[in-house]
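Please keep the sequence and the model in view while reading.

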Amino acid sequence: MPSIDSAVIVLAVIALFAAFVNGALGYGFSSLTVPVALVFYTNRILNPAVVIVEVFVNLYVLCINLSGVPAVWRRVLPILIGMLPGIAVGAFALTSLEPGWIKFATYSIILPLILLQAAGWRKPMQSKWLVGLPFGAALGVLYSVTTISGPPLAILFNNQGLVKDEFRAGLALVRVTESSLTAIAYYKLGLFIEESRSILFVLVPCVVVGIPLGAYLIRRLDAETFRRICMSFDAWVVGFGLSRVLIEVKLMESPWAYSVMAGTILIDVCLLYVFFTARRGAVQNSHALASLRSGNQGGPT
């Protein structure tokens, strides 16, 4: 294992990158930070620090997307209600389960969700209460155990047809609620310990610098391409983490455990090829349409 100093440096670098992504896309801080940080820390030590940071990050995202709240609050209300018992169950599980198995559950659940999101999986979902209540309960358990909820929320909101402003507002509403309630549950269970506070002191300056930088630079980047590249990075990191934890809990031996990471990379490379092929075709069609319109406008009437 690396020394504590090396772990802190890696944590700071990945937290800065994750804050940059969160500032650009409106989500991604925990889903990028946690998979890397779990290589060095357990969920019980890492989660309380991440949750405190996420409370303020999500409040900031909500404040800058308040205009979209009136259009989405009814859609997310079933999720918020279902989330309440889920957070209680997940927070209690965090104090009871063996850390290695919590890591295994974190990576095992998140990896297929990231790959589904990368594949652009679509299945329209219209029944708000029948979908929202069980989804919210499952999300509450997932978030309070892992502090990650971005991939499943992104899949749900994309499949409900939310446009950009509504998507970010709905995401912020859910994440403010889940992070605040989880922070309260952690406090009641006595999970805020000295090691968690030390991690918090590393995360805060990274967030202060990274989020405004991401919000500024995304204006100069293609948001969809940037989002897809971030998903690939996330998938590869989670694949590596899952391989490591398979060895830790003695489900597979090295080097065979790293076949999981290799399989993840292979799947993602195929998905990247499909994504960029489709993007290239869309750009070419757009240019051809623009040229046709230009020719029609310049021709005889």
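In which handedness of crossing, left-handed or right-handed, does α3 pass α8? The crossing of α3 past α8 is left-handed. The model under discussion is predicted. The protein contains 11 helices and 0 strands, and 48% of its 301 residues count as buried.

**Overall architecture**

- Along the sequence, the elements follow the pattern α-α-α-α-α-α-α-α-α-α-α.
- Of the contacts in the protein between residues at least 6 apart in sequence, 84% link residues at least 24 apart.

**Helices α3 and α8**

- Helix α3 covers residues 43-63 and helix α8 covers residues 164-188; their axes lie 8 Å apart and the helices pack at an angle of about 145°.
- On the α3 side, the contact is made by Asn-47, Pro-48, Val-51, Ile-52, Glu-54, Val-55, Asn-58, Leu-59, Val-61 and Leu-62.
- On the α8 side, the residues of this contact include Arg-168, Ala-169, Ala-172, Leu-173, Arg-175 and Val-176, and also among them are Ser-179, Ser-180, Thr-182, Ala-183 and Tyr-186.
- By class, the residues of the contact of α3 with α8 comprise 13 nonpolar, 5 polar and 3 charged.
- Asn-65 is situated in the loop between α3 and α4, the latter spanning residues 69-96.
- With a relative accessible area of 7%, Asn-65 is buried.
- Leaving out residues up to four places away in sequence, Asn-65 touches Arg-168 and Ala-169, and both of these residues also belong to the α8 side of the contact with α3.

**Helices α6 and α7**

- The axes of helix α6 (residues 128-146) and helix α7 (residues 150-159) come within 10 Å and cross at roughly 165°.
- Angles over 145 degrees count as roughly antiparallel, and α6 and α7 are therefore roughly antiparallel to each other.
- The crossing in which α6 passes α7 is left-handed.
- From α6, Val-131, Phe-135, Leu-139 and Leu-142 meet Pro-152, Leu-153 and Leu-156 of α7.
- The contact of α6 with α7 has 7 nonpolar residues, with no polar and no charged ones.
- Thr-147 is located in the loop between α6 and α7, and its relative accessible area of 0% makes it buried.

**Aromatic pairs**

- Across the whole structure, a search finds 6 aromatic pairs.
- One of the pairs is formed by Phe-17 and Phe-233, which are arranged edge-to-face with 5.2 Å centre to centre and 70° between the planes.
- Phe-17 lies in helix α1 (residues 4-25) and Phe-233 in helix α10 (residues 223-248), so this pair ties together parts that are 216 residues apart in sequence.
- Phe-17 is partly exposed at a relative accessible area of 31%, and Phe-233 is likewise partly exposed, at 34%.
- Phe-275 and Phe-276 form another edge-to-face pair, with 5.1 Å centre to centre and 80° between the planes.
- Phe-275 counts as buried at 13% relative accessibility, whereas Phe-276 counts as partly exposed at 32%.

**Val-245 in helix α10**

- Val-245 lies in helix α10 and is buried, with a relative accessible area of 1%.
- Which residues does Val-245 contact, leaving aside its neighbours within four places in sequence? Val-245 is in contact with Gly-100, Lys-103, Phe-104 and Tyr-107.
- The C-alpha atoms of Val-245 and Ala-105 are separated by 9.7 Å, while the two residues are 140 residues apart along the chain.

**Backbone features**

- Most residues other than glycine have a negative phi, and most peptide bonds are trans.
- Thr-147, which is not a glycine, has a positive phi near 65°.
- Lys-250, also a residue other than glycine, has a positive phi of about 65°.
- Lys-250 is placed in the loop between α10 and α11 and is exposed, with a relative accessible area of 72%.
- A cis peptide bond, with omega about 5°, joins Ser-254 and Pro-255.
- Pro-255 is found in the loop between α10 and α11, where α11 spans residues 259-298.

Note on methods. Residues are numbered from 1 along each chain as its sequence is written. This is a predicted model: local features need pLDDT of at least 70, side-chain atom pairs count only at pLDDT 80 or more; totals for chains, interfaces and linings use all residues. Side-chain values use heavy atoms; hydrogens and water are left out. Axes are lines fitted to C-alpha atoms, for helices over the stretch in contact, and angles run from 0 to 180 degrees between N-to-C directions. Helices (H or I, at least four residues) and strands (E, at least two) are DSSP runs, numbered from the N terminus. Angles under 35 degrees count as roughly parallel, over 145 as roughly antiparallel, 65 to 115 as roughly perpendicular and the rest as oblique. A crossing is left-handed if the near helix is turned anticlockwise from the far one by less than a right angle, and right-handed if clockwise. Contact means heavy atoms within 4.5 Å. Ala, Val, Leu, Ile, Met, Phe, Trp, Tyr, Cys and Pro count as nonpolar, Asp, Glu, Lys and Arg as charged, and the others, Gly among them, as polar. Rings of Phe, Tyr and Trp (its six-membered ring) pair if their centres lie within 6.5 Å; planes under 30 degrees apart count as stacked, over 60 as edge-to-face and the rest as tilted. Buried means under 20% relative accessible area, exposed over 50%, partly exposed in between (1.4 Å probe, protein chains only).
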